[in-house]
Amino acid sequence: MIPPSFQYHAPGSVDDAVALLSQYGDEAKLLAGGHSLLPMMKLRFAEPEHLVDINNIESLKGIREENGEIVIGAMTTESALISSALLQEKCPLLPEAAGLIGDPQVRNRGTIGGDIAHGDPANDHPALMMALDAIFTLVGPNGSRQVAANDFYLGTFYTALEADEILTEIRFSPQSPNTGASYHKLKRKTGDFATAAAAAVIEMSGDTCQRARITLTNLGPTALRVKDAEAVLVGQVITDDLIDQAAQKAMDICDPVQDLRGDVEYKTHMAGEMTRRAIKTAIERAKG
Amino acid sequence: MSKTQVNFILNGQPVEVLVEPRELLIHVLREQLLQTGSHIGCETSHCGACTVDFNGESVKSCTLFAVQAQDAKVITVEGLVSNGELHPLQQAFMDEHGLQCGYCTPGMLMRSYRLLQENPDPTEAEIRQGISGNLCRCTGYQNIIKSIQKAAAVINESGHDEAKSA
């Protein structure tokens, strides 16, 4: 399993990396953690002429709070998300979910930005970012622009990121009071992608749902936001019956691909169950 | 394809290799540097047999290019022995029958080495979680867990914690 030949570049700054992308265009590929790209290169599904390794760009790493927002550098590893005291306090959803990705060694290399920008519907961060209403900062030759996670995913392996742009930062609001969040992921074994997974972020006022975000992983061509399920819950006193209705709305929009993890019917059924569990756990946590 | 010079510290010694950018770290460790302790199991970052310590973290060396090791500090299972003496983890794997065919063992040892650095007194659940990226098809893991628990006890008693070459 030898990857194809390529020229290796290891720029020290975002500007240098963007310049390389501009110079080589479609022939270049960014190397983040490499745990999706290297396997694809070994199988010759990806054959970049130029590999731009951004692991040496220190400004892309780290987690901080800035003007009341959480800001995560795109090259922050899953392990760093898990051990972040800031995230554990202000957005416990992310450390919890990152612990369900890969295995310890993979999490030491795999990055949040790589997971987001790869565009694989099986990756976990896209649904999480959509549930958190995250904003992505994309830097290209003409400067930077911001794109909402909910507008970023256009198709399988197809995102709003241009070939000469780099995802540099992820921003979102810390979890507000009376809000609970949860990610339920069914997987066959450590390191596997989700058979079905659901994220729920729910704000409660007593027994009434004030705000809801419900998203799904690996159940369609991209991560999916289930607005119909959110609409079932918002403004209502939450009952088991309403949660079942929301889960049904999630199942209604599922369009999974049959594979070794299961057939379409099974995955769709599990999507409903993961949604039910994610909502219930999020509400329990919201009520604290 | 032109070759690139890469310098890094391997088991405490500076090494210099000429590699094609596409060469994986595991291949360079085994074939150029002749450190054949680290094994190639799946080559798809699932099995963990190629696990090495890379700048103080466990990584799967089949999913890293050797060029990425520039200036890195790498420890392989060969670096665990010091002055001809087995590391407490190696001794414990022997004493507790933590291996049968032995193929996964170098990866298990390197992963548990770092696990005990990060968490010197892990619970059984933490050990299971900690080695969840390393597959063993012989032991059923039971004796591997016993080995790591025993090594933790020995290390905590004697204060022997760092690989000499670290």
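The C-alpha centres of domain 1 of chain B and domain 2 of chain B lie 21 Å apart; domain bounds come from an automatic or database domain assignment. This is a predicted model, in which local features need pLDDT of at least 70 and side-chain atom pairs count only at pLDDT 80 or more, while totals for chains, interfaces and linings use all residues. Residues are numbered from 1 along each chain as its sequence is written, and chains are lettered from A and ligands numbered from 1 in the order in which they are written.

Visitor: Which element gives the largest share of the side of domain 1 of chain B that touches domain 2 of chain B?

Guide: Here 15 residues of domain 1 of chain B are in contact with 12 residues of domain 2 of chain B, contact meaning C-beta atoms, placed from the backbone, within 7 Å. On the domain 1 side, β3 (51–54) and β4 (57–60) of chain B give two or more residues; strands are DSSP runs of E, at least two residues, and helices runs of H or I, at least four, numbered from the N terminus. The largest share, three residues, comes from β3(B).

Visitor: Which residue in β4(B) stands opposite B:Asp53?

Guide: Strands pair if DSSP finds at least two bridges between them, and β3(B) and β4(B) pair in the antiparallel sense over four bridges. Both belong to an open sheet of five strands with mixed pairing, in the order β2-β1-β5-β3-β4 (chain B). Opposite B:Asp53 stands B:Ser58.

Visitor: Which helix of chain B packs on the sheet, touching β3 and β4?

Guide: The direction of this helix makes about 35° with that of β3(B); axes are lines fitted to C-alpha atoms, for helices over the stretch in contact, and angles run from 0 to 180 degrees between N-to-C directions. The helix, residues 105–118, is α3 of chain B.

Visitor: How many residues does the largest nonpolar core have?

Guide: A nonpolar core is a set of buried Ala, Val, Leu, Ile, Met, Phe, Trp, Tyr and Cys residues joined through C-beta atoms within 7 Å, buried meaning 20 or more other C-beta atoms within 10 Å of a residue's own. Among the residues with the most contacts inside the largest core are A:Ala198 and A:Leu216. The count for this core is 91 residues.

Visitor: Which element gives the largest share of the side of chain A that touches chain B?

Guide: The contact takes 23 residues from chain A and 22 residues from chain B. On the chain A side, the elements giving two or more residues include β1 (7–9) and α6 (104–109). The largest share, five residues, comes from α6(A).

Conventions. Two residues are in contact if their C-beta atoms, placed from the backbone, lie within 7 Å. A residue is buried if 20 or more other C-beta atoms lie within 10 Å of its own, exposed if 12 or fewer, and partly exposed in between; C-beta atoms are placed from the backbone.
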